[in-house]
Amino acid sequence: MKRVLFNVASAVLLLLAFGPGLALAKDKIVLGFSQVGAESEWRTANTQSIKDAAAKEGITLKFSDAQQKQENQIKAIRSFIAQRVDVIAFSPVVETGWEPVLREAKRAGIPVVLTDRSVSVKDESLWVSFLGSDFVEEGRRAAKWLVDYAPVKELAAKGEVNIVELQGTVGSAPAIDRKKGFEEILKNQPKFKIIRSQTGDFTRAKGKEVMEAFLKAEGKKINVLYAHNDDMAIGAIQAIEEAGLKPGKDIVIVSIDAVKGAFEAMIAGKLNCSVECSPLLGPQLMSIVKDVVAGKPVPRRIVTEEGVFPQETAAKEFPNRKY
């Protein structure tokens, strides 16, 4: 009995000596994460990166798949608030409509980190940091590569270059910004014309469906396809082949993400260029989460470093791809 009392007394003395930090050291950080969905190769790799990084860092991850619906993400965020998680992170389906739920998180004292995509809110204090790519720059890079591509230069020298565009999800940050960046470069190129532009919702199936409609409407007038992601481009490649045309030759194709599927298409000669958008944000996100919980200052904007991969580099680079 005396030994039991001594052990209890020793534990109390340890807590008094080291303060609450000793108890807190045993508590895991709890992160609530709401993902857009699983609409593409990129998104699947992004989800895996986040799950792997959380496990490696010993962070308890409460994960929710929104299935590309904003209302599902709002429900998930409210659930995270009710569960009193330490940090909420999410990749917003669209840019607008977040102010009410983010105010709820702020009132609850739960910091919010944005990953991959941004939000448009009047009160910028509703989120602490945004980690992800510069989508406008990705659009610029796609256009810069296009105007410098030799076969397209030859077309421009003879006449107009007709472009069809597969946009991402309507209202989403990458769709808005990738279009903006692409058009910013083309405004100084009067021979380059976007003759059709429609959402393919970032999916292969929709990319194929919309490309079929473009081909029916414009046929052999189409010189270039600009796709806001690789999955839509891969779907469009199927439609082009089914129409009896050669993707990568009859229609030059530039897309964004640089996933393995895009490299396989480039090696097969069916895709001409993919602009990188890295999904491997997990390690950086966990680092931000730990700093936020520790009360350390974090940058408001963290941009991931990325490259541009033309078709001729694909075979060499493919073995290095992690997604």
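The exercises below work through parts of a predicted model.

**Exercise 1. The strands beside S9**

Task: Find which strands are joined to S9 by bridges, and how the chain passes between them.

Solution. 
Step 1. Strand S8 (residues 224–227) runs parallel to S9 and is joined to it by 4 bridges. Val224 has Val252 in S9 as its bridge partner.
Step 2. Together with helix H10 (residues 230–242), S8 and S9 make a right-handed β-α-β unit.
Step 3. Strand S10 (residues 273–276) is also parallel to S9, again with 4 bridges. Here Val254 stands opposite Cys273 in S10.
Step 4. From S9 the chain crosses through helix H11 (residues 260–267) to S10, in a right-handed β-α-β crossover.

**Exercise 2. Asp257**

Task: Explain why Asp257 counts as buried, and list what Asp257 touches.

Solution. 
Step 1. Asp257 is placed in strand S9.
Step 2. The cut-off for buried is under 20% relative accessible area. Asp257 counts as buried because its relative accessibility is 3%.
Step 3. Not counting residues up to four places away in sequence, Asp257 touches Trp42, Arg178, Asn229, Asp230, Ser274, Val275, Glu276, Cys277 and Tyr323.

**Exercise 3. Helix H3**

Task: Compare the span of H3 with the expected one, and state what covers its buried residues.

Solution. 
Step 1. H3 (residues 41–57) has 17 residues.
Step 2. From first C-alpha to last, H3 reaches 24 Å, close to the 24 Å expected at 1.5 Å a residue.
Step 3. The buried residues of H3 include Trp42, Arg43, Ile50 and Ala54.
Step 4. Among the elements that cover the buried residues of H3 are strand S1 (30–35), strand S2 (60–65), H10, S9 and helix H12 (282–293).
Step 5. After H3 comes Gly58, with a positive phi near 70 degrees.

**Exercise 4. Glu99, a charge without a salt bridge**

Task: Find which side chain of opposite charge is nearest to Glu99, and which residues Glu99 contacts.

Solution. 
Step 1. Glu99 lies in helix H5 (residues 99–107).
Step 2. Glu99 is buried and has no salt bridge; Arg103 is the nearest side chain of opposite charge, 4.0 Å away.
Step 3. Leaving aside neighbours within four places in sequence, Glu99 is in contact with Val121, Lys122, Asp123 and Leu126.

**Exercise 5. Salt bridges across the sequence**

Solution. 
Step 1. The count of salt bridges comes to 24.
Step 2. Lys179 is in helix H8 (residues 173–186) and Glu165 in strand S6 (residues 161–167), so the pair ties together parts 14 residues apart in sequence. Glu165 is buried, at 0% relative accessible area.
Step 3. Lys270 sits in the loop between H11 and S10 and Glu241 in helix H10, 29 residues apart.

Key: Residues numbered from 1 in each chain as written. Predicted model: local features only at pLDDT ≥ 70, side-chain atom pairs only at ≥ 80, totals over all residues. Heavy atoms only, no water. Pairing = 2+ DSSP bridges. Helix = DSSP H or I, 4+ residues; strand = E, 2+ residues; numbered from the N terminus. Right-handed = clockwise from strand over helix to strand, strands pointing away. Expected span 1.5 Å × (residues − 1). Buried < 20%, exposed > 50% of the residue type's maximum accessible area, 1.4 Å probe, protein only. Contact = heavy atoms within 4.5 Å. Lys, Arg positive; Asp, Glu negative; His and termini not counted.
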